[in-house]
Amino acid sequence: SLLLVGTDGGQLYIARLATGLVVDSVAVPTTLALAMRGDSTVFAAEAFNSGVAEIDLRTRQVVRR
């Protein structure tokens with residue numbers, strides 16, 4: 001029910017598919033790719049530092065890098 005959109009502006013936007021509205025965002029560096037584990041964890045590959053941010057979608061916080 002959520003759409004995740006990575007940008008080169010330092011934000012990962014979270015939109016609700018039913019309404020098309022952005023409901024939240026998480027600060028992460030420029031994102032190259034996203035991968036999901038279940039419905040509560042997303043991994044965002046960071047472009048310029050070769051890192052990966054693990055994001056908890058329930059709290060909408062970066063858990064670790």
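**Strand pairing and core of the predicted model**

Valine 42 stands opposite isoleucine 55 in β6. The structure is a predicted model, and this pair belongs to an antiparallel arrangement in which β5 and β6 are joined over 5 bridges. The hairpin formed by β5 and β6 has 5 residues between the strands, and serine 50 in this hairpin adopts a positive phi near 55°. Isoleucine 55 also stands opposite valine 62, a residue of β7. β6 and β7 (residues 61-64) are likewise antiparallel, with 3 bridges between them. In this second pairing, aspartate 56 has glutamine 61 of β7 as its bridge partner. The hairpin of β6 and β7 has 4 residues between the strands, and here arginine 60 takes a positive phi near 60°. Of the 5 residues in β6, 4 are buried, which leaves the strand mostly covered.

In the secondary structure of the protein chain, 7 strands and 0 helices are found. Along the sequence, the pattern is accordingly β-β-β-β-β-β-β. The radius of gyration of the chain is 11 Å, close to the 11 Å given by the globule rule for 65 residues, so the chain is as compact as a globular protein of that length. The C-alpha trace spans about 35 × 25 × 15 Å along its principal axes. The accessible surface of the protein chain amounts to about 4000 Å², and carbon and sulfur atoms account for 54% of this area. Of the 65 residues in the chain, 31% are buried. Among contacts between residues at least 6 apart in sequence, 19% join residues at least 24 apart.

An open sheet of 3 strands is present in the order β1-β2-β3, and the pairing in this sheet is antiparallel. β1 (2-6) and β3 (21-27) each have a single partner strand and stand at the edges, so one side of each has no neighbour in the sheet. From one strand to the next, the twist averages 25°. The antiparallel pairing of β1 with β2 (residues 11-16) comprises 5 bridges. Leucine 2 has arginine 16 of β2 as its bridge partner.

The largest nonpolar core contains 10 residues, namely Leu4, Leu12, Ile14, Val26, Val28, Val42, Ala44, Ala53, Ile55 and Leu57. Two or more residues of this core are contributed by each of β2, β5 (41-46) and β6 (52-56). The core includes both Val42 and Ile55, the two residues that stand opposite each other in the pairing described at the outset. Alanine 44, another member of the core, is in contact with Thr31, Ala33, Leu34, Gly51, Val52, Ala53 and Ile55 when its neighbours within four places in sequence are left aside. Among these contacts of alanine 44 are Ala53 and Ile55, which are themselves listed in the core.

Threonine 41 lies in strand β5. Its relative accessibility is 9%, and threonine 41 therefore counts as buried. Not counting residues up to four places away in sequence, threonine 41 touches Ala35, Met36, Glu54 and Ile55. Threonine 41 and valine 62 are 21 residues apart in sequence, with a C-alpha to C-alpha separation of 9.8 Å in space. Valine 62 is the residue of β7 that stands opposite isoleucine 55.

Key:
Residues are numbered from 1 along each chain as its sequence is written. This is a predicted model: local features need pLDDT of at least 70, side-chain atom pairs count only at pLDDT 80 or more; totals for chains, interfaces and linings use all residues. Side-chain values use heavy atoms; hydrogens and water are left out. Two strands pair if DSSP finds at least two bridges between them. Axes are lines fitted to C-alpha atoms, for helices over the stretch in contact, and angles run from 0 to 180 degrees between N-to-C directions. The radius of gyration is taken over C-alpha atoms; the globule rule is 2.2 Å times the number of residues to the power 0.38. Buried means under 20% relative accessible area, exposed over 50%, partly exposed in between (1.4 Å probe, protein chains only). Contact means heavy atoms within 4.5 Å. Accessible areas come from the Shrake-Rupley method with a 1.4 Å probe; for residues, only the protein chains shown count as cover. A nonpolar core is a set of buried Ala, Val, Leu, Ile, Met, Phe, Trp, Tyr and Cys residues joined through side-chain atoms within 4.5 Å.
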